[in-house]
Amino acid sequence: MSIILPKGTQAPAFTLRVTPDQSLSLDDFRGRRVVLAFYPADWSPVCGDQMSLYNHVLPEFRRLGAELLGVSVDGAWCHQAFARDRKLHFALLSDFEPKGAVAKSYGAYRSAEGVAERALFVIDEKGMITWSYCSPVALNPGADGILDALEALPPLERQDDAAQGSRNVA
Amino acid sequence: MTQLKVPVTSLDHVLGDDDALVTVVEYGDYECPHCGAAQPVLGQILAQFGNQLRLVYRHFPLIEIHPVAGPAAEAAEFAGSRGKFWKMHQAIFANQQRLSVPLLIALAAQLDLSPIELRDALASGAFVAKVRGDFMGGVRSGVNGTPTFFVNGVRHDSPYGAADLSSEINRAILAAAA
């Protein structure tokens, strides 16, 4: 398993494609909290795959002031088809070119297989990693660790610009 | 070891003896084929262990991918509020291949429950909060898919799922007797 960036590290900046013609940057979320979920690949063959599970927990993440972003090395077209099939309501980012560069910057890349680890990061409103966890790649880590980490953060100060109108990134 | 965070209470649906040595808590989804496949296995296990084992069922419907799983869980709760949870539970799994809201209402009629009251309960979302409560309790306990089982409060992490629950239950019985 990789050594992922620990808490107390500034989260590396990135800009990645979400759809074939849309991109998102970590900086877009400055002032808000972000859950960054790296995972190996779209199209896991089980009912309760990690991204589907998080899709169902999304209202809780948002209630706790956090936006969820999924990241894998799959291409934007693949993400689009997967998100549509699973009815995902959050953005999947494509760490496709140069392949895995963002996963590598977080220490969450499996060179042997050429995919991201199952690595979770909670990033605060100042862009600081406040919690990280790397799961065995075959084991869906669930959402309990993320929720505990979000609840451990101090209450988010209301920032009128940032808090208004939840950006619909999906 | 991932632990169950929500204790078993009288709000739960329990099959078996309250004094049983071992409690298995299942988090399930009525539209999940793996949950359907686990049902006969659970039936055998309950028969095998008799009054040493009790089974608790909690809802974990993945409603975005299983559109009838939510109403099915609510229909089971509706039946539960009228003392027929397990009958509805079994009827739903027995009809998993053809689940729909009209079918749920027909199942209610077959169990001598009022189809009109079930229709109204589904329309008003009378049991949505109970089902969502089960779901979020599961999330906090580390449920990461369905079915997820807890044996005396510890998550059963096995690639074989229900198939090797009985050896885990045997271990729990030995531990409880020690």
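Chain B contains seven helices and five strands, where helices (H or I, at least four residues) and strands (E, at least two) are DSSP runs numbered from the N terminus. Read from the N terminus, the elements of chain B follow the order β-β-α-β-α-α-α-α-α-β-β-α. This is a predicted model, in which local features need pLDDT of at least 70, side-chain atom pairs count only at pLDDT 80 or more, and totals for chains, interfaces and linings use all residues. Residues are numbered from 1 along each chain as its sequence is written, while chains are lettered from A and ligands numbered from 1 in the order in which they are written.

The C-alpha atoms of chain B occupy a box of roughly 50 × 30 × 30 Å along the principal axes. The radius of gyration of chain B is 16 Å, which agrees with the value near 16 Å for a compact globule of 178 residues; it is taken over C-alpha atoms, and the globule rule is 2.2 Å times the number of residues to the power 0.38. Of the 178 residues of chain B, 41% are buried (20 or more other C-beta atoms within 10 Å of the residue's own, with C-beta atoms placed from the backbone).

The contact between the chains takes 17 residues from chain A and 15 residues from chain B; two residues are in contact if their C-beta atoms, placed from the backbone, lie within 7 Å. On the side of chain A that touches chain B, α1 (50-63) and α4 (144-152) of chain A are the elements that give two or more residues. The most come from α1(A), with six residues.

Definitions and conventions
A residue is buried if 20 or more other C-beta atoms lie within 10 Å of its own, exposed if 12 or fewer, and partly exposed in between; C-beta atoms are placed from the backbone.
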